[in-house]
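Please examine the structure below and follow the account that accompanies it.

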Amino acid sequence: LSVKGCGRVTWAYVGMLSEVDGIKPGTWLNRSVQDRIPNASEHEVTSLLTAVAERKNIQARRLDHAVWAYRRSVEVPDES
């Protein structure tokens, strides 16, 4: 985490690319959860999606990607 510009989200993503199971609490996932649970923290988003993956018996990183891909497909880009 001491590398400038490489925070928790970056390292979580590197892990996922290396097939380490987990959730990357980035913008798309946070917004998806916060649509239903306003003010949910990154930790709460990660915990909730991890629990959903476990309950559905799927890899958390697969759920992460599915939510990310869906949200990206329906989100209107910010033109500012």
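In this predicted model, the largest pocket has a volume of about 210 Å³. Its lining is made up of Tyr 13, Met 16, Leu 17, Lys 24, Arg 61, Arg 62, Asp 64, His 65 and Trp 68. Helix H1 (8–17) and H4 each contribute at least two residues to this lining, and H4 provides the largest share, with five residues. Sorted by class, the lining of the largest pocket holds four nonpolar, one polar and four charged residues.

Among the residues that line the pocket is His 65, which is located in helix H4. With a relative accessibility of 48%, His 65 is classed as partly exposed, because that class lies between the limits of 20% for buried and 50% for exposed. Arg 31 is 34 residues away from His 65 along the chain, and the C-alpha atoms of the two are separated by 14 Å.

In soluble globular proteins, nonpolar side chains tend to be buried together. Here the largest nonpolar core comprises 10 residues, namely Ile 23, Leu 29, Val 33, Ala 40, Val 45, Leu 49, Ala 53, Ala 60, Leu 63 and Val 67. At least two residues of this core come from each of helix H2 (27–34), helix H3 (42–56) and helix H4 (60–74). Leu 63 illustrates the contacts made by a member of this core: when its neighbours within four places in sequence are set aside, Leu 63 touches Leu 49, Val 52, Ala 53 and Ile 58.

Which residues of H2 are buried? They are Leu 29, Asn 30 and Val 33. These residues lie on the same side of H2, because they cover an arc of only 100 degrees around the axis. H3 and H4 are included in what covers the buried residues of H2.

The loops between these helices deserve a separate look. Most residues other than glycine have a negative phi. Asn 39, in the loop between H2 and H3, has a positive phi near 70 degrees. With a relative accessible area of 74%, Asn 39 is exposed. In the loop between H3 and H4, Asn 57 likewise has a positive phi, of about 60 degrees, although it is not a glycine. Asn 57 is also exposed, its relative accessible area being 71%.

Notes. Residues numbered from 1 in each chain as written. Predicted model: local features only at pLDDT ≥ 70, side-chain atom pairs only at ≥ 80, totals over all residues. Heavy atoms only, no water. Core = buried A, V, L, I, M, F, W, Y, C linked by side-chain atoms within 4.5 Å. Buried < 20%, exposed > 50% of the residue type's maximum accessible area, 1.4 Å probe, protein only. Helix = DSSP H or I, 4+ residues; strand = E, 2+ residues; numbered from the N terminus. Contact = heavy atoms within 4.5 Å. Arc of directions from axis to C-beta. 1 Å grid on protein atoms, 1.4 Å probe; cavity = no way out; pocket = protein on both sides within 12 Å on 5 of 7 lines; lining within 4 Å. Points joined across faces, edges and corners; volume = space filled by probe spheres on them. Nonpolar A, V, L, I, M, F, W, Y, C, P; charged D, E, K, R; others polar.
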